Amino acid sequence: MLIFLYGADSYRRIQKLNEIAEAFRKRQSNLSHERFDLSDDSEFLKFQIFAVNRSIFDPVRLAILDNFLTTSQTKELKEILKTNHKNEDLIIILNSSNKPTTGFTALLKEPTKIQDFPALKDAEINSFVKYTAKAFGFAIDAPTVKALAQTFGGNTWGIATELEKM
């Protein structure tokens, strides 16, 4: 199974990635999971081995791939993704700040599960500030919401960090 998370808002994208990974870990107590940065050729080799090897003790495996659009082994990666597109025993989460333009456009079609995290705009930023403050366990007043939105703009990492300090 392929899950493709992409977009400029890395904070919300990483939050979603962690949420998905945690849900799989809870559902599959013996889940084998690894994270691979494919900008490094040695990491690609580790991913290839992880994707091919099956264990009777780890029937379901989870691979998180970062920087997969920059790998030098594009052909090999496409083949692994094609082979495992519908495989329920290997869940591959593809994490990227960019939408693929060429080569990997098949990821934007079913049965891949896709979620886009575009940069937030005005009203969305205010909602994000309120939601994140609530997640950290406190209410926030309108002037503070406005001040944070003006100070950080669409920088959700900055907003979340500041709210965490509060």
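How many salt bridges does the structure hold? The structure holds six, and a few of them are worth a look together. Please keep in mind that this is a predicted model.

1. Let's begin with Asp9 and Arg12, whose side chains join in a salt bridge with an N to O distance of 2.4 Å. Asp9 counts as buried, at 3% relative accessibility, while Arg12, at 23%, counts as partly exposed.

2. Next comes helix H1, which covers residues 10–27 and contains both Lys16 and Glu19. These two residues form a salt bridge, and their closest N and O atoms are 3.2 Å apart. They sit three residues apart, about one turn of the helix. Lys16 is partly exposed, with 23% relative accessible area.

3. Glu43 is buried at 16% relative accessible area, whereas Lys46 counts as partly exposed at 47%.

4. Now for how H2 packs with H3. The axes of H2 (residues 41–52) and H3 (residues 74–83) come within 11 Å and cross at roughly 25°. The two helices are therefore roughly parallel to each other, and H2 passes H3 in a left-handed crossing.

5. Finally, which residues make this contact? On the H2 side they are Phe44, Phe47, Gln48 and Ala51, which meet Glu76, Leu77 and Ile80 in H3. Sorted by class, the contact has five nonpolar residues, one polar and one charged.

Definitions and conventions. Residues numbered from 1 in each chain as written. Predicted model: local features only at pLDDT ≥ 70, side-chain atom pairs only at ≥ 80, totals over all residues. Heavy atoms only, no water. Axes fitted to C-alpha atoms, helices over the stretch in contact; angles between N-to-C directions. Helix = DSSP H or I, 4+ residues; strand = E, 2+ residues; numbered from the N terminus. Parallel < 35°, antiparallel > 145°, perpendicular 65-115°, else oblique. Left-handed = near helix turned anticlockwise from the far one by under 90°. Contact = heavy atoms within 4.5 Å. Nonpolar A, V, L, I, M, F, W, Y, C, P; charged D, E, K, R; others polar. Salt bridge = Lys/Arg side-chain N within 4 Å of Asp/Glu carboxyl O. Buried < 20%, exposed > 50% of the residue type's maximum accessible area, 1.4 Å probe, protein only.
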